[in-house]
Amino acid sequence: MKKLGKFLFKFCFVFVLLNALLFVVFFFDLDGKLMFNVVEPFLKKHYDNMERKDVLKEPYDLDKFPEYKY
């Protein structure tokens, strides 16, 4: 019975500590700040350097339309 009490006490302590940690993250918007300051610049750097097809150099034919099949 004493082991169960110690286990429940530790479990409740860890739960309260985790809940407090998550509240601090939410209250100070730390996840949003991490995304804005770390993840977003990394993604911008990665995707801005990708090679893309230049759609402005493709010919534009006014009389040719794609076939639509219903």
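Hi everyone. Just so you know, what we have here is a predicted model.

Let's start with charges. Side chains of opposite charge can pair when their charged atoms come close. How many salt bridges does that give us here? The count is two.

For one of them, look at Glu 40 and Lys 44, whose side chains form a salt bridge with 3.5 Å from N to O. Where do these residues sit? Both are in helix H2, which covers residues 30–48. They're four residues apart, and that's about one turn of the helix. Now, buried or exposed? Glu 40 has a relative accessible area of 31%, so we call it partly exposed. Lys 44 comes in at 48%, so that one is partly exposed too.

Next up, Lys 57 and Asp 54. They make a salt bridge as well, and their closest N and O atoms are 4.0 Å apart. Lys 57 is exposed, because its relative accessible area is 69% and the cut-off is over 50%. Asp 54, at 36%, is partly exposed.

Okay, on to the rings. The structure has three aromatic pairs. Take Phe 27 and Phe 28: their ring centres are 5.1 Å apart, with 90 degrees between the planes, which makes the pair edge-to-face. Phe 27 counts as exposed at 55% relative accessibility, while Phe 28 is partly exposed at 46%.

And which residues do the ring pairs link into a cluster? Those are Phe 23, Phe 27 and Phe 28. Have a look for them in the structure above.

That's me done, thanks!

Key. Residues are numbered from 1 along each chain as its sequence is written. This is a predicted model: local features need pLDDT of at least 70, side-chain atom pairs count only at pLDDT 80 or more; totals for chains, interfaces and linings use all residues. Side-chain values use heavy atoms; hydrogens and water are left out. Helices (H or I, at least four residues) and strands (E, at least two) are DSSP runs, numbered from the N terminus. Buried means under 20% relative accessible area, exposed over 50%, partly exposed in between (1.4 Å probe, protein chains only). Rings of Phe, Tyr and Trp (its six-membered ring) pair if their centres lie within 6.5 Å; planes under 30 degrees apart count as stacked, over 60 as edge-to-face and the rest as tilted.
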